[in-house]
Amino acid sequence: MQKLPIFYRDEIISDVKSFSPSAAKPALVVERWLSLSQPIEICSFVPVTPDSLKLAHDTDYVDGVMNGILKNGFGNKDIAVANSCLYTVGSMLAAARSALVSKQVAVAPVSGFHHAGYADAFGFCTFNGLLITALMLKHEGAVSKIAILDLDVHEGDGTREIIDKLQLNDWIVHHSLAYAIEPIPENAEAYLDSLPKVLTEMASCDLILFQASADPHIDDPLGGFLTTEQLRERDKIVFTFCQQHNIPVAWNTAGGYQRDEQGNIWPVLDLHDNTLKECVSAYLGTVLD
């Protein structure tokens, strides 16, 4: 791998007036990453179809959201938002397929997955791209066992619900940070110390889907757990382990809600920059700061 593949298309973006910046964040993330002079490559991909969403979700729920009858994760019925989800999920799937082929790593600069349940949207999440990706790869015969490493500070409740409902526990290993430990600063070092054991339990998986969220940061209005240095150490632990053990990993940017005094999300973008740099360092051996 000469360059880190990042799967992005403009159709990922939707115009949502929301507390969460997730719907517009991918364009800002990619713009920032391109300015960093890192060895990355922006790759196109094919969106998933509504039928693909039905692998993980109730048919009536998918049809209702896609037709503007039921609310999406942002609490509205905007069909444009629903259509953008075909691209956010498509990005995650494309990154996973790429990582499996290269046996290394790929990136989906997207958010909005782990709160989406079998038949409902919640917390800025409409469709669970983690499980849709896992199920599509399983149906294609590309994986026999897969791991979801959810290091967002909030519970992956939608992911857990779907895994339990569809009885996927025998081939999906699911770790959600917020279920593992109380995310308070006093527990930060203990959690980082526990990560190698968590990853060891995933070592037999064909692929890890990693939610490299920025919202565990101690200054996040919905987080409050890890310092900037600790968050970067989290990423270093994950990428170094996966690289050394030859476990393919596809990661996304997930949550992050900080804003500066002007209302911009630059603090979140700074944290995503650090994740990118740790990934490049682990897999390509160099970082251009």
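**Entry 1: Ile265**

I looked up the contacts of Ile265, taking contact to mean heavy atoms within 4.5 Å. Leaving aside neighbours within four places in sequence, I found Ile265 in contact with Pro21, Lys25, Leu28, Gln258 and Arg259. I placed Ile265 in the loop between β7 and α10; helices (H or I, at least four residues) and strands (E, at least two) are DSSP runs, numbered from the N terminus. Is Ile265 buried or exposed? Ile265 has a relative accessible area of 5%, so I noted it as buried. The cut-offs I use are under 20% relative accessible area for buried, over 50% for exposed and in between for partly exposed, with a 1.4 Å probe and protein chains only.

**Entry 2: Basis of the notes**

I note that this is a predicted model, in which local features need pLDDT of at least 70 and side-chain atom pairs count only at pLDDT 80 or more, while totals for chains, interfaces and linings use all residues. Residues are numbered from 1 along each chain as its sequence is written, and side-chain values use heavy atoms, with hydrogens and water left out.

**Entry 3: Asp260**

I then turned to Asp260, in the loop between β7 (249–252) and α10 (266–284). Asp260 has a relative accessible area of 22% and is therefore partly exposed. Apart from neighbours within four places in sequence, Asp260 is in contact with Trp266 and Pro267.

**Entry 4: The whole protein**

I counted 10 helices and seven strands in the protein. Why does the radius of gyration agree with that of a compact globule? A compact globule of 289 residues would have a value near 19 Å, and the protein has 17 Å, which agrees. The radius is taken over C-alpha atoms, and the globule rule is 2.2 Å times the number of residues to the power 0.38. The C-alpha trace spans about 45 × 45 × 40 Å along its principal axes.

I recorded 57% of the 289 residues as buried. Of the contacts between residues at least 6 apart in sequence, 76% join residues at least 24 apart. The accessible surface comes to about 11500 Å², and 49% of this belongs to carbon and sulfur atoms. Accessible areas come from the Shrake-Rupley method with a 1.4 Å probe, and for residues only the protein chains shown count as cover.

For charge, I found 20 positive and 37 negative side chains, with the centres of the two sets 5 Å apart. Lys and Arg count as positive and Asp and Glu as negative, without His and the chain ends. The place of a charge is NZ of Lys, CZ of Arg, CG of Asp or CD of Glu.

In α4 (residues 79–102) I looked up Ser98. Its relative accessibility is 19%, so Ser98 counts as buried. Beyond neighbours within four places in sequence, Ser98 is in contact with Pro5, Phe7 and Ala106.

How many of the residues of α5 are buried? I found nine of its 11 residues buried, and α5 is mostly covered. Among the buried residues are Gly129, Thr133 and Met136. After α5 comes Gly141, which has a positive phi near 80 degrees.

Most residues other than glycine have a negative phi. I noted Phe124, which is not a glycine, with a positive phi of about 70 degrees. Phe124 is in the loop between β3 (105–108) and α5 (129–139). At 22% relative accessibility, Phe124 counts as partly exposed.

Gln167 is another residue other than glycine with a positive phi, near 55 degrees. Gln167 is in the loop between α6 (157–165) and β5 (172–176). With a relative accessibility of 64%, Gln167 counts as exposed.

**Entry 5: Cysteines**

A disulfide is a covalent bond between the sulfur atoms of two cysteines. I took a pair of cysteine sulfur atoms within 2.5 Å as a disulfide, and by this rule the count comes to zero. Cys85 is in no disulfide, and the nearest cysteine sulfur, that of Cys125, is 9.4 Å away. Cys85 is buried, with a relative accessible area of 11%. Cys279 is also in no disulfide, and the nearest cysteine sulfur, that of Cys242, is 9.6 Å away. At 0% relative accessibility, Cys279 counts as buried.
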